[in-house]
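User: Got a model open here and want a quick walk through it. Can you take my questions as they come?
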Amino acid sequence: MARVLGTSIKRREDPALITGRGKYTDDLQAAGMAHAAIVRSPYAHARIRGIDTSAAEALPGVLAVLTARDVAAAGIPGVVPVGWLLPDLKTPAHPMIAADTVRHVGDAVAVVVAEDRYLARDAAERVAVDYEPLDAVADVVAALEDGAPAVHEDAPGNVAFDWEIGDRESVDAAFASAAHTVELDLRNNRLIPHAIEPRAVLASYDSSTGEMTIHMTSQNPHVHRLLMTLASLGMPEHKVRIVAPEVGGGFGSKIHHYADEAIVGLCSMKLDRPVKWTATRTETNLTDAHGRDHSTHCELALDADGRITGLRVDTAAAMGAYLSTFAPAVPTYLYGTLMSGQYDIPAIHCHVTGVFTHTAPVDAYRGAGRPEATYVVERLMHLAGEATGLGPVEVRRRNFVPPDAFPYQTQVALAYDSGNYGPAMDRALEMIGYDDLKTEQASRRGNGGKLIGIGFSSYIEACGLAPSAVVGSLGAQAGQWESADVRVHPTASVTVYTGSSSHGQGHETTFSQIVADKLGIDPEAVEVIHGDTDLVQFGMGTYGSRSAAVGGSAIVKSVEKIIEKGKKIAAHLLEASAEDLEYEDGSFRVAGSPDRALALGDVALQAYLAHNYPDDLEPGLSATSFYDPANFTYPFGTHVCVVEVDTETGSIELLRYAAVDDVGNVINPMIVDGQLHGGLAQGIGQALWENAVYDDSGQLVSGSLMDYAVPKIHNLIPFELDRTTTPCPHNPLGVKGVGEAGAIASPAAVVNAVVDALAPFGISHIDMPLTPEKVWRAVNS
Amino acid sequence: MTVSIQLEVNGKPVQAAVEPRRLLVHFLREDLGLTGANIGCETSLCGACTVLVDGDAVKSCTMLAAQADGASVTTIEGLAQNGDLHPLQEGFWEKHGLQCGYCTPGMILSANYLLAQNPSPSDEEIREGLKGNICRCTGYHNIVEAVKYAAERMS
Amino acid sequence: MYPAQFDYRRAGSVDEALGLLQEHEDAKLMAGGHSLIPMMKLRLAQPPVVIDIGRLDELKGISEAGGSVRVGSLTTHADIAASDVLAAHCPVFAEAAGHIGDAQVRNRGTIGGNIAHADPGSDIPPVLVLLGASVHLQSPSGTRSVAAGDFFQDLLMTDVGEDEILTHVDVPALGSGTGSAYLKFEHPASGYAVVGAAAAVTVQDGRCTAAGLVVGGVGAVPTTVDVSSLVGTDLSDDAIAAAASGLDAEDPIGDIFASGDYRVHVGKVYGKRALAAARDRA
């Protein structure tokens, strides 16, 4: 039959979603369901002198008002833990409900449960909290200054960690002998993820069984169950079922374990009835873990030929008020380790200070560390092209890790398994028509028209954090494998239970393609189950562009086990030796005797009947695998952005965006392109519009869509995509991962384009987002 | 107090007594169980809650149920006819115009209104016509393709 | 997301609405609800009583008579943007209405609600001031009209009295030889105008006989720019740039996206461009 891997079959997820039948968490109703509203701090930093809940409790229809006192009385751990430890990491307690001090606007101080969601909000407004406001610090640089207000008493100087990678001395030596050096002070702007579905949870506790079912907006239900039971609610893990129904986007924000979901669980336990909470947009923006927020000084040294000799990076990375689930890993192992980019750099040193601020926590958001690293490296490469006179293309080419150098050991721990960077650059130049664009740029500069700029970004990504032993040695409090249980039914249809948890990526479609391809059956004969801790054995979830490479590989492993077992059954039935059997196109055949064959269905049926069956084999035809990869995967590519700048107002217009990506083998090209489109929109959004702004008192002043500019349809353009294919050598599918590539590559491409346009003004850098006013001021300064 | 309302939803008559403050989107989602219209913001900007009221695309989070008294409302659940997908639904499926699907019902109904006003829009007109609907997943590229697909099918 | 409780009254006539306003202290009128409901959802507005005037057909519609166009206060932005009458007589009004929010907002939002709310980033106020529109108000004691230039008093403040209902606006038709344009510098998040420049010029025999420029978004209320220097000129680019550069705002508004200084600058640039576009259409 025709191959199904590599084909753009339509998504099986869609019929429900285009007809309104998809069920997201807030769509769910349960008998006897009550509604929670959370009372949040309006202050960035304050002492709680007292809370008067009597007016709220007096409102008819109000069922309970809980505060930190009730958490303590419940005798549960009651905290929100961090899941990645670094040496000397400060881990101040993060209580589910603030007891005596609030540390960011939006910190939970009480929860109201009522019969109706309107009523719950009415009652929440009647909870009187007596605050003593304290000085706050929201800015990552200001928080490190002497005398800055302390976020936690047990984290002096607001330092959460001090981390470095690479060799400082060899870098110093490189700079001492450099022919060219370039340097940059930059801010990587804080972002709010803005999954369009706000976070939500429906917790249903049943005291008669002691069991709790929690439907919630989760990218990784098993991780949520572990953290929820172990650190927050203190329930036995096997008594809690977490289900992620349809999830309306995540981009990282639904990886993390939050106080709110645990609070709602506690409410359900206290009331012994289902309780639902759905964040408003305001709430979700105040409490979702934000992304990025770095302040960085970086320098690049090059020799007279334009070859890089050293890279030095010093970053202050905001952690926010508390350490979110994977927060310490993001600006360290997902950032410093990426500093070699696509380049052969002999000396690198990266120093990162993790900083507490009176803001929402910062954690993984689409790309998580890698966009920040790419931005540093690719902005410096743009400047290096100028400083050496080589221009942006040649300076990159000259420093690419050559194709014969793989596997390539970087100076910052990662070992790139494969790569071939030149062809992606070649194709990008061809697509964009670089020479013609350069000619047009020069002519516009001559005639006073609007300026155009061309920006490049040649990025490297590391997907599928692995292997577990290595990430464990780096501080992860979790494994980084993935599981798959593949069950062939007696009629030869298949159900896959995967630990990857889809929230828009189309796993049901792509995973069915994998199984169909490997078993030689119709994808329609494969069902994919995910997002339910009672159904799925265990899983690490979906983040870090890991699902195809890790989750998909686990499925392949299980299918291989099934084929091996099937061969034994078939050999028995065909009276042949299992070693002589081949599996092809859905049939087990005796090699060299094409008429001696059994279809998968014949073997599957016998596996369950077990009437005529090998003595040494257990009945059934299913297999479970836990796949722990040997290494990360390393997608790469070159993106080119073309912009037009109206120097009179500073407005930027996107003219073209071409992206050539190498994500290894592709399972479903349509879905891969869609992932790139979405990532590009978010990266371009970061470059041009998106910015989470806190004022000096710690108020989030861009907390709504009135001020925080998520890209809209009329602000974006069609994207021009192509691919090169360098398969990953260490996983069975040769796939790498694509979810984050667009968001990783594009900010640097856009900023480089704008800076290129403004070269006649001697402008070398403008911090993101490149708002018209900033551009205008740069032009006029 | 409550307000008595009578309206038509997806072609069926509906009668209810609602609190004056009840938003149309909550009435549809919770009282009628029509959960296709979603809520993504609270500032009338995301468009996930878009439905048709007397044929006009409207943000149902910015309308009281009481204001819909006497109106004819169409939600995503009412778009397919006799089990046949609407060409826009087909287009979004065919062209991968959705990922997580949360914005999709609103996006499709806005596109439906756009095509009613302008049956063969240019790319630019599609992008202008759908600016009241935010999608965080697709980068909009395939949404434009989906609407063009539907426009062709409907012409 | 969840408005506080209120009592709801639906008015069957303007007189009934006026009676309800008298009867209920702090009551709020609701037309399309697109200014009021967002405020109520955030509980920034918690009126005890909402008087729904959305069904008063007497306040809807666009008609022309005697060189003036009457636009009822309940006319939606969509209807204004699509109006043939306005396209023929005051095209800049329709043009500006087409820039408001998005299709859904224009389908529900009304001209009356919009100008009574008086957001400084609204697209309509500068156009009404430019065109010399009059705003008509009715109260139990009678009716009165206010020049648009006087109607907008301060940030979110207008000349509508507590006992009054805004019934319609009258807009003088633009004469022959007049070109007009509205140019918007849009806020990437809210969609409101950071700057909105409304311009009109009349040209006879190659010479400008009248010119006007009003800029929204810069000040709390629309800022009228004195462009009388254009009268008698051939509307050269230089003359237009010089005239538009006269934009002055004592206390410009600013936010995290665009400071006051920057808004003044963009106001001048967009003023210039709007005048040039108006000239090209004259």
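User: Start with A:Ala757. Buried or exposed?
Analyst: Buried, because the relative accessibility of A:Ala757 is 0%. Keep in mind that this is a predicted model.

User: Where does A:Ala757 sit?
Analyst: In helix 18 of chain A, which covers residues 741–757.

User: And what is A:Ala757 in contact with, neighbours within four places aside?
Analyst: The partners are A:Arg445, A:Leu451, A:Ile452, A:Gly453 and A:Val645.

User: What separates A:Ala757 from A:Ala120?
Analyst: Their C-alpha atoms are 53 Å apart. Along the chain, the two lie 637 residues apart.

User: New topic: the four-strand sheet in chain A. In what order do the strands run?
Analyst: The order is 21-20-19-25. The sheet is open, with mixed pairing.

User: Which are the edge strands?
Analyst: Strand 21 (526–529) and strand 25 (622–627) of chain A; each pairs on one side only.

User: How are neighbouring strands turned against each other?
Analyst: By 15° on average, ignoring direction.

User: In what sense do strands 19 and 20 pair?
Analyst: Antiparallel, over five bridges. Strand 19 of chain A spans residues 482–488, and strand 20 spans residues 494–498.

User: What stands opposite A:Asp485?
Analyst: A:Tyr497, in strand 20 of chain A.

User: Which strands does helix 14 lie across?
Analyst: Strand 19, strand 20 and strand 21 of chain A. Helix 14 (residues 507–519) runs at about 135° to strand 21.

Technical notes. Residues are numbered from 1 along each chain as its sequence is written. Chains are lettered from A and ligands numbered from 1 in the order in which they are written. This is a predicted model: local features need pLDDT of at least 70, side-chain atom pairs count only at pLDDT 80 or more; totals for chains, interfaces and linings use all residues. Side-chain values use heavy atoms; hydrogens and water are left out. Helices (H or I, at least four residues) and strands (E, at least two) are DSSP runs, numbered from the N terminus. Buried means under 20% relative accessible area, exposed over 50%, partly exposed in between (1.4 Å probe, protein chains only). Contact means heavy atoms within 4.5 Å. Two strands pair if DSSP finds at least two bridges between them. Axes are lines fitted to C-alpha atoms, for helices over the stretch in contact, and angles run from 0 to 180 degrees between N-to-C directions.
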